[in-house]
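Work through the exercises below with the model open beside you. Try each task before you read its solution.

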Amino acid sequence: MPKLRQLRELAFNAQHGRCYYCGSAMWLVSPSELGLRRSAALVRQCTAEHLLARKDGGRNTRENIAAACWLCNQRRHRRRCPPSPVAYREMVCRLIAKGRWSP
């Protein structure tokens, strides 16, 4: 079974370096990939997001891992009752359309 790091990289490439939730460009190895300084680019670091949480039986498989920017991943998981990845993605898209989502 591939390691989580490998699965994150596969998801990153499959998503063309874009966040699963907000669609923003992310960096995988170095912030210089985005032409930004490290301090400004930390929120755009690529993280692995389990579409079905491990606590709910989700596994580290290619089908269950999406690439998400650090900011979206943190915002989702800091909610009292984190919505499903699909519901959160829809919410983020609605907020982006209204101009109410910012990094």
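A salt bridge is a side-chain nitrogen of Lys or Arg within 4 Å of a carboxyl oxygen of Asp or Glu. The model is predicted, so local features need pLDDT of at least 70, side-chain atom pairs count only at pLDDT 80 or more, and totals for chains, interfaces and linings use all residues. Residues are numbered from 1 along each chain as its sequence is written, and side-chain values use heavy atoms, with hydrogens and water left out.

**Exercise 1. Find the salt bridge and place its partners.**

Step 1. A search of the whole structure gives one salt bridge.
Step 2. Its partners are the side chains of Arg76 and Glu49, at 2.7 Å from N to O.
Step 3. Locate them. Arg76 is in helix H3 (residues 70–77) and Glu49 in strand S1 (residues 46–50), 27 residues apart. Helices (H or I, at least four residues) and strands (E, at least two) are DSSP runs, numbered from the N terminus.
Step 4. Check burial. Buried means under 20% relative accessible area, exposed over 50%, partly exposed in between (1.4 Å probe, protein chains only). Arg76 has 8% relative accessibility, so Arg76 is buried. Glu49 has a relative accessible area of 3%, so Glu49 is buried too.

**Exercise 2. Classify the ring pairs of Tyr21.**

Step 1. Recall the rule. Rings of Phe, Tyr and Trp (its six-membered ring) pair if their centres lie within 6.5 Å; planes under 30 degrees apart count as stacked, over 60 as edge-to-face and the rest as tilted.
Step 2. Count. The whole structure holds three aromatic pairs.
Step 3. Take Tyr20 and Tyr21. Their ring centres are 5.1 Å apart and their planes lie at 80°, so this pair is edge-to-face.
Step 4. Take Tyr21 and Tyr88. Here the centres are 5.0 Å apart and the planes at 85°, so this pair is edge-to-face.
Step 5. Compare positions. Tyr21 lies in the loop between helix H1 (4–14) and helix H2 (38–41), and Tyr88 in helix H4 (residues 85–97), so the pair ties together parts 67 residues apart in sequence.
Step 6. Judge burial. Tyr21 has 1% relative accessibility, so Tyr21 is buried. Tyr20, at 16%, also counts as buried.
Step 7. Tyr20, Tyr21, Tyr88 and Trp101 form one aromatic cluster.
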